[in-house]
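Subject: Structure for your review

Dear colleague,

Please find the structure below, handed over for your own work.

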Amino acid sequence: MSNSRMELPVLAPEAVPCCPPLTSAELSEADAVTMAAMFKALGDPVRLRLFSKVASHEGGEACVCDIQDVGVSQPTVSHHLKKLREAGLLASERRGTWVYYRVEPSVLAGLAQLLDLNR
């Protein structure tokens with residue numbers, strides 16, 4: 001088994017979020033389904049804390065070993081991280097015995113743009 005790391009492509013910072021602000025245009029059915037899944041995943045306090053820990057972690061990614069102190073057991077942390085990945089909010093990469101998480105590049109911009117009520 002090779003010990004080399006696979007480099008992941010980096011999206012350009014100008015990646016276009018999925019949806020226009022709520023006050024500027026009606027959401028399509030597909031965009032509504034996507035955004036609802038994200039908000040549903042973030043609607044749990046433990047998931048919101050985990051997402052926040054990853055998003056604010058130095059270097060833009062966090063080892064599960066650095067973010068698992070959220071007041072629940074390790075299997076529960078794994079379950080919540082899986083739900084955040086399934087909703088498209090986090091990406092993960094296994095390195096040895098640890099898994100590292102990062103926020104998908106356009107997720108924060110997309111959520112912020114959708115909720116931009118000043119437009």
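A salt bridge is taken here as a side-chain nitrogen of Lys or Arg within 4 Å of a carboxyl oxygen of Asp or Glu. Please note that the model is a predicted one. By this rule, the count comes to four salt bridges.

Salt bridges

E61 and R95 meet through their side chains in one of these, with N and O 2.9 Å apart. This pair links distant parts of the chain, since E61 belongs to strand β1 (residues 61–63) and R95 to strand β2 (residues 90–95), 34 residues apart. E61 counts as partly exposed, at 23% relative accessibility. A network of salt bridges links E61, E93 and R95.

Helix α4 (residues 74–86) holds both K82 and E86, which are four residues apart and thus separated by about one helical turn. Their closest N and O atoms lie 3.9 Å apart, and the two residues form a salt bridge. E86 also meets K83 in a salt bridge, at 3.8 Å from N to O. Those two residues are three apart in helix α4, again a separation of about one helical turn. As to accessibility, E86 is exposed, with a relative accessible area of 52%, whereas K82 is partly exposed at 41% and K83 is partly exposed at 31%.

A buried arginine

R47 sits in helix α2 (residues 45–56). Although buried, R47 has no salt bridge; D44, the nearest side chain of opposite charge, is 4.9 Å away. Apart from neighbours within four places in sequence, R47 is in contact with K40, A41, H79, H80, K83 and L84.

Cysteines

How many disulfides does the structure hold? There are zero. C63 is buried, at 2% relative accessibility, while C65 is partly exposed, with a relative accessible area of 32%.

Helix packing

Two packed helices are described by the angle between their axes and the distance between the axes. Helix α1 (residues 29–42) packs with helix α5 (residues 107–114) at an angle of about 100°, and their axes are 12 Å apart. This angle makes α1 roughly perpendicular to α5. The contact is made by M35, M38, F39 and L42 on the α1 side and by V107, G110, L111 and L114 on the α5 side.

Yours sincerely

Note on methods
Residues numbered from 1 in each chain as written. Predicted model: local features only at pLDDT ≥ 70, side-chain atom pairs only at ≥ 80, totals over all residues. Heavy atoms only, no water. Buried < 20%, exposed > 50% of the residue type's maximum accessible area, 1.4 Å probe, protein only. Lys, Arg positive; Asp, Glu negative; His and termini not counted. Contact = heavy atoms within 4.5 Å. Disulfide = S-S within 2.5 Å. Axes fitted to C-alpha atoms, helices over the stretch in contact; angles between N-to-C directions. Parallel < 35°, antiparallel > 145°, perpendicular 65-115°, else oblique.
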